[in-house]
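Please look over the sequence and the 3D structure below.

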Amino acid sequence: MSIRTLLAAASLAALAASAQAEVKVGMITTLSGGGASLGIDTRDGFLLAMQKAGRDDVEVIVEDDQQKPDVAVQIADKMIQSEKVDILTGIVWSNLAMAVVPAATAQGKFYLSTNAAPAQLAGKGCNPNYFAVSYQNDNLHEAAGAYAKSEGFTKPFIMAPNYPAGQDSLNGFKRFYGGELAGEVYTKLGQTDYASEIAQIRASGADSIFFFLPGGMGISFLKQFADSGVDLPVMGPAFSFDQNILQAVGDAALGVKNGSNWSKDLDNEANAAFVSGFEEAYGRLPSLYAAYGYDTANLLLSALDKAEPSDAEAFRAALKEAAFDSVRGEFSFDTNQHPIQDIYIREVIQEGDVFTNKIVATALEDRSSAYVEECSMK
Amino acid sequence: MSPILLAEQVLNGLQSGVMLFLMAAGLTLIFGVMGLINLAHGALYMVGAFAAATVAGLTGSFLLALVAALAAAAAAGALVETLVIRRLYARDHLDQVLATFALILIFSEGTRWVFGSFPLYLDVPDALSGTVTLPGGIAYPLYRLALIVIGIAVALGLWWLNSRTRLGIRIRAGENDREMIAALGVDISKLYTLVFALGAGLAGLAGALVGAIQSVQVGMGEPVLILAFVVIVIGGIGSIRGALIGALLVGLTDTLGGVLLPELFRLFIDPASAATAGSAFASMAIYVLMAAVLVWRPTGLFGGRA
């Protein structure tokens, strides 16, 4: 066989492969390091929806960003340049999203966010090719703020790490709480010991605590807080109380109220199918990251039914319709292409051996985001 | 700020200092005796925490968990020393850094392979949970007091080992002149394995003790490793006494800086930006301390060699 026939055969095979997968989705997410559990759930939720749909014309390429912005940028470049993906998705962290999303949308690619949705991309930096399927970063903190106000707390002590999402968090809380604070503390990002903050809380005369400490930081704080003898109501966004973290915290998290736009006990058909399907496929309960991944994949599939990504106008219009059954119930996009949705307050409970959440109140109805007006898309 | 709050913060600083000492003591011993920069020390801390979480989960006994942490980390240390580190003593520091960095990756992904990516559960034992009221009316968590006591006990034990036992004499001799003690008939490679295992065991113990009040997860050792390096640079490389003083200084600076600097900034600017600016400066405080110590004494507080 000559080299020429070999080449011809190879290119034929390549053609056949590309004919099979008409749409390529590049998923960049965190699969190693301390933040891996978030990315793994995002991926598993997304792939579950793909698998259920049973479509062989969509190819999903998953790569690990190691929670590093430079790595995420390299992967995005590779996916756009050599893999020729049509759509990017999957980034968990806001700083990584800021490094990848503006460049990708500028090159005409679609980006569907499964989690991170920083203020910049919801306001002045909004883009017709960028859709946040999860929330806007401030939303869950706003819900906690609204809850604090409705509960009549008058002196909450609020705390977050000193980085952009942490500052957004405390601003989001204050936007809907609006009252007096017992204290406002910024901790170090990645801090593991909170003895000094707990001492400040004790001395401040606070009547409640709001904190945003994602990942291991939240586990450390809750364990130390439970052991400190300070007995105050605790609030936070759902990130510190997701399904995977709760098991490591144990009793210490019981009773904590947290703002979330999803919970496994949300009563709708899509959610019931998602929760049971996820448990069956992976042998564990889904977290909210998995719910966002699942919704994002279903949104994508609903748009693909109507248009091809190559026809950007039509595809964008199809995405905007949000014609899919969200596990969060009612779901639509505002003009800045961030969700309008209800945001709830959940309470951490114990079911048998498993720690999980249940919804106790609706904090904000049909909440959009604080930055809609700043976005030029109308 | 009230005196009670200040006293409580000093205790917190002491507590984080003595736990840092457990990490730094092993690191400085290994560097002092073998001249080896061991980046994988944080991985051994993680091994200790995971071993403790596993054993505590199986048996429900915290004491057994601590023993397991010590044993698992020491065994991992001895294994790594004989398989990998032994080949690196004669190489320069860059090779050591590369090889021990590779060990971090192997330990991290290996741990993820065995235990999965989700944090494990390890909690304070019932007997040590809750708070005690100290003289002056300070309500302080009992477990943290226990950590201070254990840390001081380990420091005394190391001092005794180093200055009163035959092993200590050999360790000190090894620091001063490797060739000579080999020539005197001491089995240097066995001594190295022993010192490495001792350092590793201390790191594992620290991991288990701290793991009970923090998050037991892959990669938990690396942030502590950085602090431990700051400690041994401040204390003087190779000096256990330096490691103790350095660890206490770093613990106190870190804790009190985080509390006092935002208060200080509040005197000049509005509270919200004081909180941001103060905590930004507080995270720099230990590095400023390190720089200041190095300007004053370039080899660290107790560093012998120039």
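What follows is a short exchange on the chain contact and on one helix pair.

This is a predicted model, where local features need pLDDT of at least 70, side-chain atom pairs count only at pLDDT 80 or more, and totals for chains, interfaces and linings use all residues. Residues are numbered from 1 along each chain as its sequence is written, with chains lettered from A and ligands numbered from 1 in the order in which they are written.

Student: How many residues of chain B are in contact with chain A?
Tutor: Contact means that C-beta atoms, placed from the backbone, lie within 7 Å. Chain A brings 32 residues to the contact. On the side of chain B, the number is 39.

Student: On the side of chain A that touches chain B, how many residues are charged?
Tutor: Asp, Glu, Lys and Arg count as charged; Ala, Val, Leu, Ile, Met, Phe, Trp, Tyr, Cys and Pro as nonpolar; the others, Gly among them, as polar. This side has 17 polar and 10 nonpolar residues. The charged ones number five.

Student: Are α2(B) and α4(B) roughly parallel or roughly antiparallel?
Tutor: The axes are lines fitted to C-alpha atoms over the stretch in contact, with angles from 0 to 180 degrees between N-to-C directions. Those of α2 (residues 41–59) and α4 (residues 93–115) of chain B come within 9 Å and cross at roughly 20°. Angles under 35 degrees count as roughly parallel, over 145 as roughly antiparallel. So α2(B) and α4(B) are roughly parallel.

Student: How many residues of this helix contact are nonpolar?
Tutor: α2(B) contributes B:Gly42, B:Ala43, B:Met46, B:Val47 and B:Phe50. Among those from α4(B) are B:Leu103 and B:Phe107. Three residues of the contact are polar and none charged. The nonpolar ones number eight.

How values were computed
Two residues are in contact if their C-beta atoms, placed from the backbone, lie within 7 Å. Helices (H or I, at least four residues) and strands (E, at least two) are DSSP runs, numbered from the N terminus. Angles under 35 degrees count as roughly parallel, over 145 as roughly antiparallel, 65 to 115 as roughly perpendicular and the rest as oblique.
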